[in-house]
Amino acid sequence: MNIKRDPSRSFFAQKRRGASTRFLFFFTMLAAALTALYLANMDAVQAEAFRALNISGEPTMLPSQHATRGQTLFYDGELDEAIAEFEQAVAMRPNNIDYLYELGMMLMEADRFDRAREIAAQALEVAPDDPRGYTLRARSLMWSDPPQAIQVAIQGIDRDPEFAPLYAIQGVAYTNLARWQEGLRMATRARELDPNDIFVQMSYQWPATYRGDFRGAIEALETAIGLNPNLVTPYFYLARLYSLAQVGEQTMAIATYYRILELSPDNERAYLRLCQTYAAVDQARFDIAQPYCDRAIAINPEYGDAYAQRGQMQYVRRNYEGAIESFEACIENGSQLIECRYLMGFSHYRLANYAEAWEISNEARAIASNMSGMGIIVENIDNILDAITRRSPDFSDQPIPTTVPPTPLPPTPIGGFGG
C-alpha cells in the first residue's frame with residue numbers, strides 16, 4: 001500500500017504544533033490558578049516577600065491586618081477606631097466586598113449614613129450578585145425611605161434567600177410603615193436564619209415592641225449584648241425598653257445607663273438619658289438629674305438636646321432666667337425640639353418680658369402648626385398670646401392667630417397665665 005503524504009504539511013511540524021497548543025493551554029491554566037491563589041493570599045505573599053528581602057524598619061500594615069485590627073476594636077467597643085481601620089483596608093483593597101460590607105455596617109452603627117451609602121454603592125458595583133451590597137443599600141434606607149428599603153432587600157433576597165440581615169431590614173421597614181405584623185414575621189425569620197448576628201437581634205426589638213411584646217424585645221437585645229458586650233448601641237435600646245416595660249420603675253434603665261458609662265465614660269448621650277430618666281420618675285429628682293445634663297453639656301458644648309432638657313427643668317423650678325439661657329443655647333446648637341421655643345416664650349412671659357414673649361411665641365406657633373400632634377402645644381401658645389394682649393398695653397390691640405380655645409393651660413409652679 002502506498003501512503004500518500006502532502007509534502008507541504010510536515011508530520012513533525014503537526015506534532016510540534018499540537019504539543020505546543022497543549023503546553024500553552026496547561027501553562028495558561030497554571031498561570032490562572034497561580035494568579036487566583038496569589039490574589040486570595042495577597043497579603044500573606046507580600047508579607048513573605050518582605051521577609052525574604054530583609055526589609056527592615058516599620059512595615060506598612062497590610063489590608064488584612066487593618067481589617068483584623070478593626071474587628072478586634074469593634075468587639076472592644078471602639079467603634080470609631082474600628083471604622084478608621086476598615087477605611088484603611090478599603091482604601092488599599094477597594095474591590096474587597098468583605099471589607100466593604102464590614103465598613104458599611106459599622107458606619108451605620110455610628111449613624112454615619114451618608115458615608116455608608118457611598119460604601120453601599122461601591123459594594124454593588126464591585127459585586128452586583130452578592131447580597132451584602134443590597135444589605136448595605138437597604139439598611140441605609142430603612143428609616144428614611146422604608147418602601148425603597150423593602151424593594152432593595154427583596155433584590156438582595158433574590159441573590160441569596162437565606163441572608164438573614166435582609167429580612168431584619170424588612171422587619172424594621174415594615175414596622176416604620178405601621179405594618180407591624182409583617183414586620184414581626186420578617187424579623188422572626190431573620191432570627192431563625194442567623195441568631196448570632198448582632199444586627200438581626202437588635203432589629204427584632206422594633207416590631208416586637210410595637211406589637212407589645214416587651215419581653216421578647218428585651219430578650220433579643222440581651223442576646224445582642226451577649227454577642228458583643230462592649231457595643232453600647234443595644235444598651236441604649238435596652239434601657240428604653242426597661243422604661244416602657246416597667247411603668248414607673250426606672251431602676252433597670254438607670255443601671256443600664258451606668259453600664260454604658262463604664263464602657264464609654266465620656267458618652268454625653270448616656271448622661272443626657274440619666275438626666276431625663278431622673279427627671280421623669282414619679283417623684284422627679286431634679287437635684288440629681290441636672291448635674292447629669294450639665295455633664296453632657298460639659299462633654300459636648302454643642303449638645304442642643306441637653307440644653308433643652310436642662311431648660312425644661314429650670315422652667316419647672318421657676319429659674320426662668322436660667323431656662324431662657326438654656327433654651328437659647330438649645331436653638332443656637334440646632335435642636336429641633338419645639339419645647340426650646342415655646343417654653344422660652346413662657347419664661348419671658350413669667351418675667352414680664354412681653355415683647356420677647358410675643359415674638360418667640362409667634363415663632364413657636366408657626367413651627368408647631370406645621371408639625372403633627374402639636375394641637376395641645378398650639379392651644380397653649382394661643383393662650384399665652386391672649387394673656388399678653390390682656391397684660392401689656394403695647395399688645396392690647398394685637399389679634400391672636402385663633403380664638404382662644406376653652407382648654408386651660410397646664411398648671412405651672414406659680415399658677416395660670418390669666419390676667
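Biologist: How many disulfides does the count come to?

Modeller: This is a predicted model, where local features need pLDDT of at least 70 and side-chain atom pairs count only at pLDDT 80 or more, while totals for chains, interfaces and linings use all residues. Residues are numbered from 1 along each chain as its sequence is written, and side-chain values use heavy atoms, with hydrogens and water left out. A disulfide here is a pair of cysteine sulfur atoms within 2.5 Å. By this rule the count is 2.

Biologist: Which helices hold Cys275 and Cys293?

Modeller: Cys275 and Cys293 are joined by a disulfide, S to S 2.1 Å. Helices (H or I, at least four residues) and strands (E, at least two) are DSSP runs, numbered from the N terminus. The pair links distant parts of the chain, 18 residues apart, with Cys275 in helix H15 (residues 268–280) and Cys293 in helix H16 (residues 286–299).

Biologist: Are Cys275 and Cys293 buried or exposed?

Modeller: The terms rest on relative accessible area with a 1.4 Å probe and protein chains only: under 20% is buried, over 50% exposed, and in between partly exposed. By that scale, Cys275 and Cys293 are both buried.

Biologist: Are H15 and H16 roughly parallel or roughly antiparallel?

Modeller: Axes are lines fitted to C-alpha atoms, for helices over the stretch in contact, and angles between N-to-C directions run from 0 to 180 degrees. Angles under 35 degrees count as roughly parallel, over 145 as roughly antiparallel, 65 to 115 as roughly perpendicular and the rest as oblique. The axes of H15 and H16 come within 8 Å and cross at roughly 160°. That makes the two helices roughly antiparallel.

Biologist: How many charged residues are in the contact of H15 with H16?

Modeller: Contact means heavy atoms within 4.5 Å, and residues making it include Tyr271 and Cys275 of H15 and Tyr292 and Cys293 of H16. Ala, Val, Leu, Ile, Met, Phe, Trp, Tyr, Cys and Pro count as nonpolar, Asp, Glu, Lys and Arg as charged, and the others, Gly among them, as polar. The residues divide into 13 nonpolar and no polar, and the number of charged ones is 2.

Biologist: What residues in H17 meet H15?

Modeller: H15 and helix H17 (residues 304–316) pack at about 25°, their axes 10 Å apart, and are therefore roughly parallel. From H15 come Leu272, Cys275, Gln276 and Ala279, and from H17 Asp305, Ala306, Gln309 and Met313.

Biologist: How many of the residues of helix H7 are buried?

Modeller: What covers the buried residues of H7 includes helix H5 (97–109), helix H6 (113–126) and helix H8 (146–159), among others. The buried residues include Tyr134 and Leu136. Helix H7 (residues 131–141) has 11 residues, and the buried number is 10.

Biologist: What residues does Val90 touch, not counting those up to four places away in sequence?

Modeller: Val90 is in helix H4 (residues 79–92) and is buried, with a relative accessible area of 5%. Its C-alpha is 6.4 Å from that of Leu100, although Val90 and Leu100 are 10 residues apart in sequence. Val90 touches Tyr99, Leu100, Leu103 and Gln122.
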